[in-house]
Every structure is written in structure tokens, then in C-alpha cells.
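User: I am new to this structure and would like to know what lies behind the words used for it. Please set each value against its cut-off.

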Amino acid sequence: TGFSTALSQTPSISSISSEGREDLQVNWLETQIWIKPDIQKTDVDFSEILNAIQEIAKDVNIFFDELEGVNSPSKDDDSLLHHGNLTSTSDDASRLEVVGEEVPDKNKTSGLYFRDGKCRIDYILVYRKSNPQTEKREVFERNIRAEGLQMEKESSLTNSDIIFVKLHAPWEVLGKYAELMNVRMPFRRKIYYLHRRYKFMNRIEKQISRFRGWLPRKPMKLDKETLPDLEENDCYTAPFSQQRIHHFIIHNKDTFFNNATRSRIVHHILQRVKYEEGKNKIGLNRLLSNGSYEAAFPLHEGSYRSKNSIKTHGAENHRHLLYECWASWGVWYKYQPLDLVRRYFGEKIGLYFAWLGWYTGMLFPAAFIGLFVFLYGVTTLNHCQVSKEVCQATDIIMCPICDKYCPFMRLSDSCIYAKVTHLFDNGATVFFAVFMAVWATVFLEFWKRRRAVIAYDWDLIDWEEEEEEIRPQFEAKYSKKERMNPISGKPEPYQAFADKCSRLIVSASGIFFMICVVIAAVFGIVIYRVVTVSTFAAFKWALIRNNSQVATTGTAVCINFCIIMLLNVLYEKVALFLTNLEQPRTESEWENSFTLKMFLFQFVNLNSSTFYIAFFLGRFTGHPGAYLRLINRWRLEECHPSGCLIDLCMQMGIIMVLKQTWNNFMELGYPLIQNWWTRRKLRQEYGTQRKTSFPQWEKDYNLQPMNAYGLFDEYLEMSMALSF
């Protein structure tokens, strides 16, 4: 009876339309559900009947897939484009409207969803209609739809030539790639066991808690009432698996993967989609570099400001909560809400700010000891025997420091420099050097402990090993050469040993050449110092003429700083080219190789001049009548009579101050100026009311883009400051 009912209610293949597909599948599933219990109750063999039903279902599904392929747009044409409004031509939106499910109006107007109000925007691509790279973009977007991502286009409200491509990853796509990427998701709540306590101990704890209640609250801790309860911190996590999906804690499929994870999965897909035939014609980064797309970014969760107070009305979104509890100037002295940072930006950025906060906190004792050493030098300045002898040596005549224009000088003329030297080089400096050596070791070891605690709380133990993925560039390059992985037992691309060695040799040669360029630049600075001493000694201004050696050192340091910044820009491109030439297998290998090159060059580039002043300046000058000369022409530079520490302090001080000033301006000042200028232009053209009604993708597009290397420059800057 069930079989005949299914056949009678199933229309012919030629008469099936796209609108009737859902009803037919639901009807088929309902029929199949109540057939099987009857089969189990009877003794009749219905295996042939079930096989026939399954064949019918396969034919119906095949026809539906072909029908979708005909109806779906094969080109990236204007059928998906809507001018200035949130309209959609996707079939999912029409189905939702037919079903009649109520969608909150807030979702439709927030700019974070498609027109249906349910498909959340996970990624944004931006291009111009006037861009000639149309064919590549069409193929790329066609392959994006083939991967299962949903797409909707929107023209810009400020420029009709700019098109926004909104991408949404359905649950099936998220589950598939979360399993491939080994994304860890919560699957079981943590159970905390409390030790049994006696009544006497409980009374003591109550008395202590009462006493603490009389004391003022800790000002550095955040108010717990404004922080939400983070459920993922109270759960164990495991790599996501669709076969074991019933083990994971899923209250709502739309919110099971947070926004950071959804954007990460979509970014993973976009990096592996082809846009043209060829080995290396793959990935979003290449389309951004050749100008096919202008920008690609995930959306923020709305505005970070609100008219209402967060304490009375709560946070509007996670971005607003982060701003009030973390990024606002008013909470600069409070501890960082690392759990909120991790939830919004992901684990990597959360770990960076955890390390930055730890590093900043550990600098306090070092700064205190350094200030103590400096104050000790100030208090003992009048009791320093060396500076006294230098200041009282009015009868000792010193030889000129250069061959021309440099006069004879008295040793007492270096009195001021001798006193300044004592401020930084006194008896307490030895203690400070020993303290800093111990501090560096303690800082590293205690950070390992802190990192282990964070890794346990966030369930990141062995995270890097599980996250290991083959780079799409490596996979495209060596796709024809495969071998069996001895661990996983699956075939994977393979790079021959000879090919790898040849690439490493070329890369090492490039690194050695760039280091030689740095050494040549230092040699040029040395020649400048030797030549300009006599020039400043013959200067018209008495202030510069009497302090020719200090003027030479100061100008040489400024020129050296400019050379350092120029070489950094040049070597960043060289290091990127050499790292891509090596073809690392995984993302972690690429990052390690790029980090090694950049750190090695930055260390040599930043510290080479400092090493010259500290260990070589004034060591090979000769003596009167037999001075050593450079190229038998220029006399080598000597230290000041009070020592070379003044030159060393000027070298380190000027470079550190200028470098930190420049970095802070580029990281903080320049984006603020650019964003202010953009807001000013929009306010002048469209007014304040119209500007506030812009969708979220328009607002985020006008923000300054993040560094292409992510947090690499931040880590590199902190490492260089630590090495100094």
C-alpha cells in the first residue's frame, strides 16, 4: 500500500517544476518513513520494492540537479545586481518568503544579512564595473557558487561603479569545511570538582570575604556585569566531525559557528578557488594583486558606538562591547578582556594581545630599575672621580680629531660629556646589566607558563598540528607529483628533494646578498662620518664648530635611520619573493621561512651601526704620527675624549625614538587621519543623516585595510624593541 501510494503521488519526470521539488521530497520522505515499520512487521521480502523506490529517488534528484544547473546563472552578469537597495534573486529568499517565516526587521536593515534577513553576510568582495578583468572574475564567482556559497550583489550608494559581492556560507558548507580544516568546536561542558571543606574553614572564608567587601574594588579589573557569560570557555572542544555531530553542543545552527570562524572558513574557500586555467591561477590573493577585486574583508558586527550606556542598556553587539571594555581610552588601565578579543577576532589575535599585555606588564620592573640606575647617576654625579679629573685637567692638551680645520683642545673641554656619560655609565649599571639578563630569562619562562594556561583555557593544546594545511599554491604547483602520506595514508602533492634544495640555495644567496648590502650601507655611513668631521669643524656657526663631533654623529644617525627604513621596504619585497620561490608546503612553513628572513635582515639592518660604534669605533685609529687611514686618504674616526658612550646613546636613542614615532604614526595616526578625511567627504556630499543610514559593507569599505601580513609586523616590531 505504501509503495503504490508513493508511485501514485509521484509525478512524471517531465512534469516536475522547481516549485514542486520541496513538496515532492517531503512527500517521499514521509512515505519512506511509514513504509519501513510495515516491512519490519511482515515476513514478506520487500528488498526489490525498496530498490525500485531508491532508483526513483535517484532519478528525481539527478533531474533536480540538472534543472538547477540550467536555472542558475552561469555568468557573473547583472542579474544578481541591485542598485541601491537590498534585493535578492536567490531561490532561498523566495522560498523563505513563500513559507511565510517572520524575519526581524532589524536583520534586514542592519546591513549584516541578505534581503531574506536570515542569510548572514560572511564575506565581502569589492570590484569596479569598469575593471577590464571581467572574465577572470566571472570564472571565479562561478566556481564560488559551485563550492556552495550563496552570493548577492549590491551597487554602492556613493559610487555606482563600485559593486559589492556579498557571500554567505550555508550550514552544509560550514560543516564540510570545518571538518576539513579541523576546526575545534565545543562538545561537552567542563565539570569542576570542589574540595570538601570543613565548617570551620567556611566560616573563616566568610569573614575574609566580609573584610574584602569593606575594601575598595580592584580598579584594574573589569566590571563582570558588563561581560557576557562565554559558553565556549566552559566547554571542552574537539575537531568538528559531521559523523559525530550529535556529540557537539548545537543550540542553533546559525550561531554554532561564530562570526570569526565563519569568515575564516569562507576565506579558506576563496583561497582555493580557481579563476583561470593554469597551475598558479588560483586564490583570492592573486585577484587582489592583479586588480580584479579592489578589496575583500569580513564585516564588523555593527557600530562600535551607541547612544545608550552599556551598563543600563547592555551592549548593542560584540564590537560595541569590545570598544567599551577594551579599546576605549577610559579603560587603558584595566586588564584586557582576552576572551572577548578571542571570540571576535579569533585565537591568533587573542594570543597576540595576551602576549602584548604580558610583555607590557613585565616591562614595569625593568623600567623601575632603569630609572633607579639613572637617579643613582644623578645623585653621585659630583662624587665621580673620572668626571672630576676630566673637568680639572685644564693643562692637558689633546691632539686634533681631524687633519684639517680641527684645532687643538683641552681635556677639560669634555667636562660636560664626561658628566653625561656618568649618568648612564656608573657603578649601578653593572647591576642593571645583570638584572636585564635575569629579566629576559624570567620573562620568557613565565610567558611559557602564561601561554600554557591560556592554551588550556581556550583548548588550544596541539592546535598547530591539527590546523596544518597544504598551501593552495603548493598544491597547484605539484599536483601532478603525488605520494602516499605515511601518517594519514592519503595521497598528497610531493616536492622533489633536488627541486627543494635548488630553491633553498637561491633563497640563501638572496639573503646573503641583502646582508652584504646592509654592510655596504654601514661602510658608507663610516665614510660619511670621517669626511664630515672636518666640514663641521670649519662651519660658520660657533655652536656647530665647537661640537663638530656631536653634529657628525647626529647627522650620521639620521641618515642611517633613513637608509634603514628604505632597506626595510626593499627587503620586505625581496623576502616575500624568496619565500614564494621556496614553495613551502604548509602555511606554518611559509610563515616560519618568511619570519626567519625578515628577522635576520631587520636584526642586521637595525643593529649593524650600533655594533660598529660599540665595538669598532676608536679601536683602530693608530697614534699621532702614524694614524690609520681609510683608502690611504681619510683618517679613521676617534671617540670623544670622554669615551664612545655618548655616540652609542645618540645612535640608540635617535633610532628608537624616530622608529617608534614613525611606527605609531603609521599604525595609529595615519588611519585616524584617513578615516576622518573619508567621513568628512561623505558628510559634505550626503549629510550626517544619510551617512548613518549606509549599510555596514559601505562603512567597512571606507575603513583602512589591515596589513597584508596580519600581525607579523607587530611581532617583529616588539621583537626588535626587545633586542635593543
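Predicted model: local features only at pLDDT ≥ 70, side-chain atom pairs only at ≥ 80, totals over all residues.

User: Why is Arg 503 called buried?

Analyst: Arg 503 has 14% relative accessibility, and the cut-off for buried is under 20%. Arg 503 therefore counts as buried. This residue is in helix H21, residues 497–537.

User: Which residues is Arg 503 in contact with, leaving aside its neighbours within four places in sequence?

Analyst: Contact means heavy atoms within 4.5 Å. On that basis Arg 503 is in contact with Lys 477, Tyr 478, Gln 495, Leu 581, Glu 582 and Gln 583.

User: Why does Lys 500 count as partly exposed?

Analyst: Lys 500 is also placed in helix H21. Its relative accessibility is 43%. Buried is under 20% and exposed is over 50%, with partly exposed in between, so Lys 500 counts as partly exposed. The C-alpha atoms of Lys 500 and Pro 584 are separated by 9.1 Å, and the two residues are 84 apart along the chain.

User: What makes the set with Leu 371 a nonpolar patch on the surface?

Analyst: A patch takes residues with over 30% relative accessible area and no salt bridge, and nonpolar side chains are joined within 5 Å. The members are Leu 371, Phe 374, Leu 375, Val 378, Ile 416, Val 420 and Phe 424, with about 620 Å² of accessible area together. H15 gives the largest share, 4 residues, and Leu 371 is in H15.

User: What makes a set of residues a nonpolar core, and which residues touch the most other members in the largest one?

Analyst: A nonpolar core is made of buried residues of listed types, among them Leu, Phe and Ile, joined through side-chain atoms within 4.5 Å. The largest has 32 residues, and Leu 125, Phe 140, Ile 144, Leu 167, Phe 240, Phe 257 and Leu 270 touch the most other members. Two or more residues each come from strand E1 (123–128), helix H6 (134–146), strand E3 (162–168), helix H7 (171–180), H10 and helix H11 (284–289). H7 contributes the largest share of this core, 5 residues. Apart from this core lies another, of 26 residues, including Leu 222, Cys 325, Tyr 359 and Trp 439.

User: Where does the name "transmembrane region" come from?

Analyst: The name comes from an unreviewed UniProt entry, which places the feature at residues 352–378, 428–447, 504–530, 550–571 and 599–620. In the model, residues 352–378 are 100% helix and 0% strand, with end C-alpha atoms 38 Å apart. Residues 504–530 are 100% helix and 0% strand, with end C-alpha atoms 39 Å apart.

User: How many helices and strands does the protein chain have, and how much of the chain is buried?

Analyst: The chain has 27 helices and 14 strands. Buried residues make up 38% of its 724 residues.

How values were computed: Residues numbered from 1 in each chain as written. Heavy atoms only, no water. Patch = residues over 30% accessible without salt bridge, like charges linked within 9 Å, V, L, I, M, F, W, Y side chains within 5 Å. Areas by Shrake-Rupley, 256 points an atom, 1.4 Å probe, with all protein chains shown as cover. Salt bridge = Lys/Arg side-chain N within 4 Å of Asp/Glu carboxyl O. UniProt positions renumbered as here; feature names shortened; annotations may be inferred. Buried < 20%, exposed > 50% of the residue type's maximum accessible area, 1.4 Å probe, protein only.
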